[in-house]
Amino acid sequence: MGEEVGYSPFFGVVGAASAMVFSALGAAYGTAKAGTGIAAMSVMRPELIMRSIIPVVMAGIIAIYGLVVAVLITNKLSSADDGYTLYTGFMHMAAGLSVGLSGLAAGFAIGIVGDAGVRGTAQQPRLFVGMVLILIFAEVLGLYGLIVALILYTKT
């Protein structure tokens with residue numbers, strides 16, 4: 001199905017690393033940005049702290065998407081001598097980049113919305129439902145990347 005060359009597993013390794021690194025970067029940014037909003041909001045309204053944890057949880061889920069794809073790719077890795085082709089390597093790299101970069105974008109969106117949302121909710125509690133809806137739309141960006149990554153992964 002593809003050409004077997006000595007460096008073909010390199011692309012699979014890049015895919016696994018990309019899945020984990022980029023999705024973890026997105027999750028870390030989302031957690032940090034939303035966390036600063038929670039810290040600022042909790043000074044005025046400490047009773048809303050637990051309710052405001054939602055953006056941090058949603059940012060953490062982004063890293064799980066990358067972890068799933070990275071583990072799947074890693075389990076399929078083998079040497080070129082064992083039949084790991086360039087096609088397989090490229091598909092694994094595409095899967096890793098798909099979930100990783102989608103997770104990075106979703107983490108940025110969750111962090112920004114989470115920060116502004118929890119600060120706004122402290123002043124106007126009716127904003128909470130709108131914040132959660134926007135967070136869901138931001139989270140689904142990472143889910144789209146996961147779906148595409150799984151489809152790419154199964155084509156190998």
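Being 4 residues apart in helix α3, Asp 115 and Arg 119 are separated by about one helical turn, where helices (H or I, at least four residues) and strands (E, at least two) are DSSP runs numbered from the N terminus. The side chains of Asp 115 and Arg 119 meet in a salt bridge, with 2.7 Å from N to O; the term stands for a side-chain nitrogen of Lys or Arg within 4 Å of a carboxyl oxygen of Asp or Glu. The model is a predicted one, in which local features need pLDDT of at least 70 and side-chain atom pairs count only at pLDDT 80 or more, while totals for chains, interfaces and linings use all residues. Residues are numbered from 1 along each chain as its sequence is written, and side-chain values use heavy atoms, with hydrogens and water left out.

## Salt bridges

Side chains of opposite charge can pair when their charged atoms come close. By the rule given above, the count comes to 3 salt bridges, which are listed here.

| Pair | N to O distance |
|---|---|
| Asp 115 and Arg 119 | 2.7 Å |
| Asp 115 and Lys 33 | 3.6 Å |
| Glu 47 and Arg 45 | 2.7 Å |

The pair of Asp 115 and Lys 33, which meet in a salt bridge, links distant parts of the chain, with Asp 115 in helix α3 and Lys 33 in helix α1, 82 residues apart. Asp 115 counts as buried because its relative accessibility is 10%, given that buried means under 20% relative accessible area, exposed over 50%, and partly exposed in between (1.4 Å probe, protein chains only). Lys 33 is partly exposed, with a relative accessible area of 28%, and Arg 119 likewise counts as partly exposed, at 37% relative accessibility. Salt bridges that share partners join Lys 33, Asp 115 and Arg 119 into one network. In the pair of Glu 47 and Arg 45, Glu 47 is exposed, with a relative accessible area of 54%, whereas Arg 45 counts as partly exposed at 25%.

## Nonpolar core and surface patch

A nonpolar core is a set of buried Ala, Val, Leu, Ile, Met, Phe, Trp, Tyr and Cys residues joined through side-chain atoms within 4.5 Å. The largest such core has 27 residues, of which Ile 62, Val 69, Ile 73, Val 99 and Ile 110 touch the most other members. Two or more residues of this core are given by each of α1 (8-44), α2 (54-76), α3 (86-123) and α4, and the largest share, 8 residues, comes from α2. Ile 62 touches Ser 23, Ala 27, Gly 103, Ala 106, Ile 110, Glu 139 and Gly 142, not counting residues up to four places away in sequence, where contact means heavy atoms within 4.5 Å.

On the surface, Leu 141, Leu 143, Tyr 144, Ile 147 and Ile 151 form a nonpolar patch with about 440 Å² of accessible area together. Patches are made of residues with over 30% relative accessible area and no salt bridge, like charges being joined within 9 Å and nonpolar side chains (Val, Leu, Ile, Met, Phe, Trp, Tyr) within 5 Å; the areas come from the Shrake-Rupley method with a 1.4 Å probe, and for residues only the protein chains shown count as cover. Leu 143 has its place in helix α4 (residues 127-154) and counts as partly exposed, at 31% relative accessibility.

Thr 121 lies in helix α3 and is buried, with a relative accessible area of 4%. Leaving aside residues up to four places away in sequence, Thr 121 touches Leu 48, Leu 127, Phe 128 and Met 131. Thr 156, by contrast, is found in the segment after α4 and is partly exposed, with a relative accessible area of 28%. With the same exclusion of residues up to four places away, Thr 156 touches Lys 76, Tyr 87, Thr 88, Met 91 and His 92. Thr 156 and Met 131 are 25 residues apart in sequence and 39 Å apart in space, C-alpha to C-alpha.

## Annotated regions

The unreviewed UniProt entry carries the annotation "domain: V-ATPase proteolipid subunit C-like" for residues 14-73 and 93-152; UniProt positions are given in the numbering used here, feature names are shortened, and annotations may be inferred rather than shown by experiment. Over residues 14-73 the chain is 85% helix and 0% strand, with the end C-alpha atoms 10 Å apart, and over residues 93-152 the chain is 95% helix and 0% strand, with the end C-alpha atoms 9 Å apart. The unreviewed entry also annotates "transmembrane region" over residues 6-32, 53-73, 93-115 and 127-153. Residues 53-73 are 95% helix and 0% strand, and their end C-alpha atoms are 32 Å apart, while residues 127-153 are 100% helix and 0% strand, with end C-alpha atoms 40 Å apart.
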